[in-house]
Structures are given as C-alpha cells and as structure tokens.
Amino acid sequence: MSISRIESGPGGKDVLLIASPAALAEPSRVSLPEPAPAAGLILPDGSINWGCPCLGGMATGPCAQPFRDAFSCFHYSEAEPKGSDCYEKFSEMQACMANYPELYGRDDDEEALPGTEPAPAPDADKLAQP
C-alpha cells in the first residue's frame, strides 16, 4: 500500500495525495465528527429563531412586530386548541399586512378578517382645498 504526498504552492499550501490501487481498495479509517445540527425555526432551547430563512422575510419589514407578536403567541400558546388565544394578535398582523399589498399580497381564495380592510386613502382633491 502506497500513498505519496506532494506539497506545492507558496509555503506548501497545496497538498496532492496519490494513492495506489491497493490503498484505495481498503476501507477508510477516517472518522468524521458528527455534524452540528442546523438551526431551524425552533432553537434547541425552544425559542424562536427569527433569522431562519424559512420565515421568508416575515420577521423583518413594516409588519415585523405584529408578525413576531402573533407567531410568538401561537408558539408559546398553551390554549386548546393551540393558538386559539391569539386571535387578536393575528388580526393585528393581518390589518398591518393589508396596508402593504405590494409586499404581502393576498391570495385570491383568501378573505380578509372582518374589520381588517386597509383604511381608504385620503381624497387628494379634498386635501388641496383650504
């Protein structure tokens, strides 16, 4: 069994290993460390990972705080059914999102909760009159 090691580059930064067919036929004796678990939406301590890409940017932007409040309420809810005590928080979040349709567009099959429609824009003609 033969393995040759050739170092090149400045300071020997590049290493080339050349192995014989006999060396390659043997099972590897290398043991790799266990990979660290990837941080998901819920961290090992049970808290919410607001930096998780799975949130799709909802934790930032103009409605970040209402989203975080509603999501936290649901996550930590002990009510039965889970989250049934969070209606007000989700209503506030939906009302905020209705004010930014270009960011939080609504699917055609979704209906707004009663009372969460965005406020109408002021009439420019009435604003211009003294």
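Is the link of cysteine 52 and cysteine 54 right-handed or left-handed? With 130° about the S-S bond, the link of cysteine 52 and cysteine 54 is right-handed.

This is a predicted model, in which local features need pLDDT of at least 70 and side-chain atom pairs count only at pLDDT 80 or more, whereas totals for chains, interfaces and linings use all residues. Residues are numbered from 1 along each chain as its sequence is written, and side-chain values use heavy atoms, with hydrogens and water left out.

**Disulfides**

A disulfide is a covalent bond between the sulfur atoms of two cysteines. Here a disulfide is taken as a pair of cysteine sulfur atoms within 2.5 Å, and by this rule the count comes to three disulfides. When the bonded cysteines of the protein chain are numbered in sequence order, their pairing is 1-2, 3-6, 4-5.

| Disulfide | Sulfur atoms apart |
|---|---|
| Cysteine 52 and cysteine 54 | 2.4 Å |
| Cysteine 63 and cysteine 96 | 2.0 Å |
| Cysteine 73 and cysteine 86 | 2.1 Å |

The torsion about the S-S bond of cysteine 63 and cysteine 96 is about -90°, so this disulfide is left-handed. Cysteine 63 lies in the loop between helix H1 (21-25) and H2, and cysteine 96 lies in helix H3, so the pair ties together parts that are 33 residues apart in sequence. Helices and strands are DSSP runs numbered from the N terminus, a helix being H or I with at least four residues and a strand being E with at least two.

With -90° about the S-S bond, the link of cysteine 73 and cysteine 86 is left-handed. This pair links distant parts of the chain, with cysteine 73 in helix H2 and cysteine 86 in the loop between H2 and H3, 13 residues apart.

As for accessibility, buried means under 20% relative accessible area, exposed means over 50%, and partly exposed lies in between (1.4 Å probe, protein chains only). Cysteine 73 is buried with a relative accessible area of 18%, while cysteine 86 counts as buried at 0%. Cysteine 52 counts as buried at 10% relative accessibility.

The expected span of a helix is 1.5 Å times one less than its number of residues. The 12 residues of helix H3 (residues 87-98) should therefore span 16 Å, and its end C-alpha atoms are 16 Å apart, which agrees. The buried residues of H3 are Ser91, Met93, Gln94, Cys96 and Met97, and they pack against helix H2 (64-76), where contact means heavy atoms within 4.5 Å.

Serine 77 lies in the loop between H2 and H3 and is buried, with a relative accessible area of 8%. Not counting residues up to four places away in sequence, serine 77 touches Lys82, Gly83, Asp85 and Cys86; Cys86 is itself bonded to cysteine 73 in a disulfide.

**A pocket**

The second largest pocket is lined by 10 residues, of which Ile3, Ala23, Pro27, Ser28 and Arg29 lie nearest its centre. On a 1 Å grid over the protein atoms alone, a pocket is an open set of points where a 1.4 Å probe fits, with protein on both sides within 12 Å along at least five of seven lines, and lining residues have an atom within 4 Å of a point.
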